[in-house]
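Student: I would like to learn how to read packing and ligand surroundings from a model. Please take me through one case.

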Amino acid sequence: TNKTMINIAKNGDELHEHLSTFLAERLQYLQSQHGTISIGVSGGSMPKQFTDAILSLGTAVDWKRIRIFMCDERYCLPTHPDSNLGAYLKLFPRELHECLVPVPIEESVARSAENYEKVLRCVLLPEQLNQTARFDLLLLGVGPDGHTCSIFPAPERLPKITDYNWISATSTSPKPPAERVTLTLPIINMAKNVAFIITGRSKAAVVKQMCLGGATANLPATQVRPANGKLWYFLDADAAAELPHD
Ligand code: 6PG
């Protein structure tokens with residue numbers, strides 16, 4: 001559809017340029033629309049890609065009016081090497097640390113998910129009850145198995161998700177560590193903008209299915225279809241290897 005944009009970069013430098021240009025344009029636009037904007041970021045290679053991109057933005061964006069949530073988080077303290085928040089804290093310049101909203105780490109991963117959902121509800125649904133909860137922008141990665149955030153294939157292992165479940169806990173993530181909390185598809189698909197950043201040949205088959213195929217629960221990333229938002233793909237040539245050239 002015309003709400004999906006696919007960008008293919010020749011190499012890492014070009015991907016970096018595409019991302020920086022995209023973030024400058026989108027964040028400025030979103031900030032012109034309302035006061036404080038909420039974005040969600042993933043783990044894996046994202047902390048490095050995202051930090052590199054925003055460091056080149058200079059003063060184009062007002063960071064005091066940006067909140068950055070974790071799209072998924074590993075169940076550990078930020079000081080642990082597995083922590084997604086910890087990865088951002090290490091890479092971000094000090095003055096941007098206060099943009100980051102931590103996932104509460106409680107006595108169990110289930111309790112962490114519950115409390116993270118409360119935090120999100122306070123921020124995304126501030127006053128009016130009939131207002132729609134929407135992230136302004138989500139930046140997602142994809143695994144070779146088709147997972148995104150910490151939504152993995154084999155959905156029968158996941159707790160049942162309703163439209164009112166924005167956060168879910170898992171204790172069986174096949175990608176270590178096993179215990180994680182994650183945004184669910186209902187809240188992901190409410191977002192105004194969703195951008196996938198995907199690199200590497202191991203993901204080319206999933207990318208093909210995401211861009212050209214139908215949605216299937218065996219490849220959760222194909223189920224990311226923002227109902228009223230825009231979907232962007234930022235790929236390198238390897239990840240785009242199975243897409244038709246034109
Ligand atoms: C995580 C993730 C996960 C990640 C993908 C892609 O915390 O593990 O958020 O969903 O985004 O596994 O990771 P790479 O970009 O490192 O391949």
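Student: What covers the buried residues of helix 3?

Tutor: Keep in mind that this is a predicted model. A residue counts as buried if 20 or more other C-beta atoms lie within 10 Å of its own. In helix 3, the buried residues are Asn84, Leu85, Gly86, Ala87 and Tyr88. Their cover includes helix 2, strand 3 (66-70) and strand 4 (72-74).

Student: How do the axes of helix 2 and helix 3 cross, and which residues meet?

Tutor: An α-helix has 3.6 residues a turn, so residues three or four places apart point the same way. On helix 2 (residues 46-55), Pro47, Lys48 and Thr51 meet Ala87, Tyr88 and Leu91 of helix 3 (residues 84-91). By class, this contact has four nonpolar, one polar and one charged residues. The two axes come within 9 Å and cross at roughly 35 degrees, and the crossing is right-handed.

Student: Which residues touch the most other members of the largest nonpolar core?

Tutor: Leu138, Ala195 and Phe234 do, in a core of 65 residues. Helix 1 (residues 12-33) gives the largest share of this core, six residues. Leaving aside residues up to four places away in sequence, Leu138 touches Gly40, Cys71, Ile188, Ala191 and Val194.

Student: Which residues are closest to the ligand, and how does the shell divide by class?

Tutor: Of the 14 residues that surround the ligand, the closest are Ser42, Gly43, Gly44, Ser45 and Gly141. The shell has nine polar, three nonpolar and two charged residues.

Technical notes
Residues are numbered from 1 along each chain as its sequence is written. This is a predicted model: local features need pLDDT of at least 70, side-chain atom pairs count only at pLDDT 80 or more; totals for chains, interfaces and linings use all residues. A nonpolar core is a set of buried Ala, Val, Leu, Ile, Met, Phe, Trp, Tyr and Cys residues joined through C-beta atoms within 7 Å. A residue is buried if 20 or more other C-beta atoms lie within 10 Å of its own, exposed if 12 or fewer, and partly exposed in between; C-beta atoms are placed from the backbone. Helices (H or I, at least four residues) and strands (E, at least two) are DSSP runs, numbered from the N terminus. Two residues are in contact if their C-beta atoms, placed from the backbone, lie within 7 Å. A residue is near a molecule or strand if its C-beta atom, placed from the backbone, lies within 6 Å of it. Ala, Val, Leu, Ile, Met, Phe, Trp, Tyr, Cys and Pro count as nonpolar, Asp, Glu, Lys and Arg as charged, and the others, Gly among them, as polar. Axes are lines fitted to C-alpha atoms, for helices over the stretch in contact, and angles run from 0 to 180 degrees between N-to-C directions. A crossing is left-handed if the near helix is turned anticlockwise from the far one by less than a right angle, and right-handed if clockwise.
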